[in-house]
Amino acid sequence: MLRQVCCSGFQPFRQRLLPWLQSTALSRSHRVQSSAIRHVRSWSNIPFITVPLSRTHGKSFAHRSELKHAKRIVVKLGSAVVTRGDECGLALGRLASIVEQVSVLQNQGREMMLVTSGAVAFGKQRLRHEILLSQSVRQALHSGQNQLKEMAIPVLEARACAAAGQSGLMALYEAMFTQYSICAAQILVTNLDFHDEQKRRNLNGTLHELLRMNIVPIVNTNDAVVPPAEPNSDLQGVISVKDNDSLAARLAVEMKTDLLIVLSDVEGLFDSPPGSDDAKLIDIFYPGDQQSVTFGTKSRVGMGGMEAKVKAALWALQGGTSVVIANGTHPKVSGHVITDIVEGKKVGTFFSEVKPAGPTVEQQGEMARSGGRMLATLEPEQRAEIIHHLADLLTDQREEILLANKKDLEEAEGKDQVTGRRLAAPLLKRLSLSTSKLNSLAIGLRQIAASSQDSVGRVLRRTRIAKNLELEQVTVPIGVLLVIFESRPDCLPQVAALAIASGNGLLLKGGKEATHSNRILHLLAQEALSIHGVKEAIQLVNTREEVEDLCRLDKMIDLIIPRGSSQLVRDIQKAAKGIPVMGHSEGICHMYVDSEASVDKVTRLVRDSKCEYPAACNALETLLIHRDLLRTPLFDQIIDMLRVEQVKIHAGPKFASYLTFSPSEVKSLRTEYGDLELCIEVVDSVQEAIDHIHKYGSSHTDVIVTENEKTAEFFLQHVDSACVFWNASTRFSDGYRFGLGAEVGISTSRIHARGPVGLEGLLTTKWLLRGQDHVVSDFSEHGSLKYLHENLPVPQRNTN
């Protein structure tokens with residue numbers, strides 16, 4: 001049974017394993033190792049990390065991204081992690097999740113060690129069971145069943161609980177690790193073992209030998225013999241562990257480990273007690289920062305509080321071991337917390353001795369928030385002046401911009417040092433800047449400046465609620481935007497101008513292939529902003545932050561806008577937690593050639609839609625042709641033009657059935673090629689074309705080519721896409737071509753903004769109510785006032 005559940009992930013493992021483990025926990029420990037659980041190796045759904053693991057110990061890792069190189073790892077399980085919420089017994093599902101993650105890392109070739117609590121809790125559960133059983137038998141014989149509810153459990157002495165629980169706890173760990181073909185060994189220690197030099201050497205030798213044999217050492221304080229912890233109140237709870245945090249740190253340094261993971265019941269280290277109004281999670285903690293932290297009370301169980309953990313972590317850090325403190329109590333929230341930490345994801349608090357040269361991304365988010373609010377309070381003319389200045393800088397500094405872009409292109413044409421691959425040709429084309437591109441950008445920015453005069457604070461609706469009580473709905477910025485873009489440095493000034501015009505703070509995360517171009521363009525944007533003292537409103541994220549980590553900053557970011565491949569957009573939509581994402585995952589654009597299409601128009605439209613810029617998201621990907629046009633001069637002209645343009649044709653199933661020798665049949669009708677490739681399919685009617693688009697399209701841009709106005713209008717009204725055209729190229733689906741000046745992207749979502757998103761799409765609204773001592777009770781049935789709800793004239797919009 002256990003072999004089957006381990007392959008299906010944490011939750012099924014927990015659901016099926018819990019009943020069995022609970023019954024086992026109350027029986028003799030040798031039953032845990034029965035033949036029912038001796039199975040061959042099972043694998044989890046946690047991905048393997050294929051990285052070199054050899055490392056010379058001496059200095060701790062400087063950045064989270066380096067943690068994937070950790071070879072020797074200690075995982076410390078705090079008291080609150082291993083115990084249940086009722087403080088009696090172990091959290092079996094949580095332990096199963098932890099064991100699975102440790103096993104995956106061990107099977108990758110790492111050397112894993114556990115420092116765990118739990119013997120007292122396990123023993124307390126067993127002793128309570130024995131006492132209840134004994135009392136129930138006696139009372140059943142003398143008093144009857146109706147007296148069972150009045151039984152009292154005496155306070156159990158912690159050392160007796162530890163003695164009763166040690167064997168069961170170890171048997172439980174051994175049963176869990178057996179599912180992954182891993183052997184575990186128990187080591188019980190006390191503080192005296194570290195003070196005696198001979199015992200220290202013995203302990204060190206034992207641990208090294210176990211690691212050499214690929215065995216996971218499970219280290220536990222010998223609570224059966226240690227003196228009672230101070231204060232004594234902890235003994236009334238579940239577990240009394242003396243210096244468990246310092247034990248883990250001492251063990252990590254003694255064994256020259258690369259990483260110590262301390263799992264607790266909080267997300268990490270906060271600058272003030274967790275739960276307080278202003279508490280903020282500290283992403284990276286540096287030695288000397290203790291004065292900036294206010295420590296609260298310790299956890300519900302165990303002796304160590306956060307202050308003890310920080311002291312132990314800093315001691316381990318000084319000894320050359322990297323440390324992460326994270327939450328290990330909520331698998332649904334924290335996910336694969338241990339493997340996520342080793343993969344370098346932003347989980348918990350990372351202790352580092354190397355301070356970054358610039359601000360952290362959290363600090364950048366705060367600067368963008370405050371700078372954006374200042375930007376929104378400027379006069380419209382001042383925001384327009386900033387954008388005009390940025391447009392001038394793009395042309396005045398074009399030589400420096402093109403020089404930086406040339407450096408990016410040269411590096412991109414070589415092999416990537418990490419992946420060993422060269423940048424794809426479509427991405428290289430997007431990466432390239434030119435004088436004409438910069439001139440077009442400058443023109444677009446000036447259009448944005450002209451249209452921004454009444455964007456922020458524009459009155460959309462006015463209502464007289466009652467006498468001297470008037471309501472207005474006005475436009476306001478969304479807040480802080482996170483724009484993530486690949487290979488397109490020209491995106492930076494476009495998005496910056498739109499953010500300035502709409503009064504939004506902006507975080508920019510560009511691809512590393514455009515590092516030099518993005519850096520100079522960002523500096524120019526900040527130079528333009530500085531003329532009115534709002535330089536910090538736009539921030540370029542240059543840290544090693546992964547996109548997935550940025551998508552978790554839900555308290556700092558109000559909207560994420562991805563600009564790049566469909567895979568990037570899908571990844572961001574999946575990673576974003578609590579932050580709306582504006583964009584489209586794919587640009588599968590269709591063109592339907594009707595039976596009444598003009599011969600002169602079709603080839604021009606197909607060529608422009610497919611060949612003008614095939615890497616664009618608004619490029620044509622599927623050409624639908626009416627069946628009556630097959631084997632006609634019009635069809636031959638289309639095919640000949642595509643051959644001349646060196647477009648590779650993929651035949652749809654129906655189209656292939658009409659041909660004796662057909663091109664390669666399409667693998668999927670839902671494909672965005674992003675290159676000189678095109679799918680051709682045959683349909684019998686405009687309705688079939690619409691059905692095909694709805695089934696295989698991405699609701700981006702779809703076109704009909706016909707001279708029949710009635711057919712065209714039917715298509716325009718019935719195709720449910722963001723952009724639907726008649727006798728026009730798909731490439732018109734663009735903010736600049738729509739007259740929006742520029743766009744932050746094209747949205748296929750159903751709410752807020754759809755299609756090319758320009759200035760209007762970066763605004764939301766708020767309600768302003770102006771009254772004179774009005775209260776709701778005045779409008780009750782017996783009140784003195786009545787609602788009027790009169791529509792008032794709205795100030796005319798400035799269209800100059």
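What follows goes through the charged pairs, then the aromatic pairs, and then the packing.

Reply: Before we zoom in: this is a predicted model, where local features need pLDDT of at least 70 and side-chain atom pairs count only at pLDDT 80 or more, while totals for chains, interfaces and linings use all residues. Residues are numbered from 1 along each chain as its sequence is written, and side-chain values use heavy atoms, with hydrogens and water left out.

Side chains of opposite charge can pair when their charged atoms come close. The rule for a salt bridge here is a side-chain nitrogen of Lys or Arg within 4 Å of a carboxyl oxygen of Asp or Glu, and by that rule the count is 32.

Now to your network. R462 forms a salt bridge with E472, with 3.7 Å between the closest N and O atoms. That pair links distant parts of the chain, as R462 sits in strand β9 (residues 459-466) and E472 in strand β10 (residues 469-477), ten residues apart. (Strands are DSSP runs of E with at least two residues, helices are runs of H or I with at least four, and both are numbered from the N terminus.) E472 counts as buried, at 16% relative accessibility; buried means under 20% relative accessible area, exposed means over 50%, and partly exposed is in between, using a 1.4 Å probe and protein chains only.

R464 and E470 also meet in a salt bridge, at 3.6 Å from N to O. R464 is partly exposed at 24%, and E470 is partly exposed too, with a relative accessible area of 28%. Through shared partners, salt bridges join R462, R464, E470, E472, R770 and E790 into one network.

E254 is buried at 19%, whereas R250 is partly exposed at 25%.

Next, the rings. The whole structure has six aromatic pairs, meaning rings of Phe, Tyr and Trp (its six-membered ring) with centres within 6.5 Å; planes under 30 degrees apart are stacked, over 60 edge-to-face, and the rest tilted. Y592 and F715 are stacked, 6.4 Å centre to centre with 20° between the planes. Y592 lies in strand β15 (residues 589-593) and F715 in helix α26 (residues 709-718), so this pair ties together parts 123 residues apart in sequence. Y592 is buried at 0% relative accessible area, and F715 is buried at 0%. F725 and F738 pair edge-to-face, at 6.4 Å centre to centre and 65° between the planes. Here F725 is buried at 13%, but F738 is partly exposed at 39%.

Last, the packing. A nonpolar core is a set of buried Ala, Val, Leu, Ile, Met, Phe, Trp, Tyr and Cys residues joined through side-chain atoms within 4.5 Å. The largest one has 51 residues, and L375, I386, I387, I401, L506 and L508 touch the most other members. Helix α18 (residues 491-502) supplies the largest share, nine residues. There's also a second, separate core of 43 residues, including M112 and M170.
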